[in-house]
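Hi there,

Here is the structure I promised to pass on to you.

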Amino acid sequence: MKIAKLKIEKYAISLRVGFFLALRQVRRSSKYTNGLIIFVMVLTFLNLVVVRGILVGLLEGSTEAYRSKYAGDVLITNLPKKNFIENSPNIISVIQNMPWVESYSYRYVEGGEVEANYKSKIRMDEDSNSTAGSIVGINPELEDAFSGMSLKLVEGRYMNKNDAEGILIGANLLRKYLDIEAPGLTLLEDVEVGDRVRLTVGGNRREFTVLGFLQSKVDQIDFRIFVLDTTLRNMIGRSDY
């Protein structure tokens, strides 16, 4: 009991001494010095708590957007030395029969180029209104059920299984949505919904009608071009799924 009482008394003395010294410091020092000390302490607090919280929040938000809008909980990709996933029909069949799978989507991805002013060019050496990127073939119904792609449209409409000549373009490939200059980055100029564009992929060239523009804040969507899976498979000569 006496020991506890002594500890309380020592604690009270420490508080009184600290308060006395702090009061003397405030009274004797310049108000500008006190203001500077308070300012530095506020900056320290912001750096340790607020800024860190913002950075962590941005990272978490980016990760969640990538998971919910593109990758899902499980993302299956090709092996490092393979250009495609072998036995993909068997893999899809297994996924379909798993009771805990809520939704899934499969995608064909191939590099290509889309051009917009090919009909209005006067000279062959005239700069083309084109951009290169990944061309993605999707099943529109499966993709929408999986990632909600139709909700990412900022203009136009979503494609359906009958849009063999329809194309969806990521917003970051268009100058009106991403007006920046960067080395190696080319953007489409003056392209609107309903325009005809020319797609070159797998050594084949074909005209498409722009159905809409996608903007999701996920690069794997905003920097890509989407067509029907059957259309892309025909253009790249893939009949083995």
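Arg 196 is partly exposed because its relative accessibility is 30%; here buried means under 20% relative accessible area, exposed over 50%, and partly exposed in between (1.4 Å probe, protein chains only). Its side chain meets that of Glu 165 in a salt bridge, 3.7 Å from N to O. The term salt bridge stands for a side-chain nitrogen of Lys or Arg within 4 Å of a carboxyl oxygen of Asp or Glu. This pair links distant parts of the chain, 31 residues apart: Arg 196 sits in strand S5 (residues 196-201), and Glu 165 in the loop between strand S3 (153-156) and strand S4 (166-170). Helices (H or I, at least four residues) and strands (E, at least two) are DSSP runs, numbered from the N terminus. Glu 165 is partly exposed too, at 42% relative accessibility.

Before going on, please keep in mind that this is a predicted model: local features need pLDDT of at least 70, side-chain atom pairs count only at pLDDT 80 or more, and totals for chains, interfaces and linings use all residues. Residues are numbered from 1 along each chain as its sequence is written, and side-chain values use heavy atoms, with hydrogens and water left out.

Now to the other salt bridges. The whole structure has 10 of them. Glu 189 forms one with Arg 175, with the closest N and O atoms 3.1 Å apart. Both residues lie in the loop between S4 and S5, so the pair ties together parts that are 14 residues apart in sequence. Glu 189 counts as partly exposed at 33% relative accessibility, whereas Arg 175 counts as buried at 17%. Asp 163 and Arg 157 form a salt bridge as well, their closest N and O atoms being 3.0 Å apart. Asp 163 is buried, at 11% relative accessibility, while Arg 157 is partly exposed, with a relative accessible area of 39%. There is also a network of salt bridges that links Glu 155, Lys 176 and Glu 192.

Ile 38 belongs to helix H2 (residues 31-71) and is exposed, at 53% relative accessibility.

Finally, the chain as a whole: it has 6 helices and 7 strands, and 30% of its 241 residues count as buried. Its accessible surface comes to about 16400 Å², with 57% belonging to carbon and sulfur atoms; accessible areas come from the Shrake-Rupley method with a 1.4 Å probe, and for residues only the protein chains shown count as cover.

Best wishes
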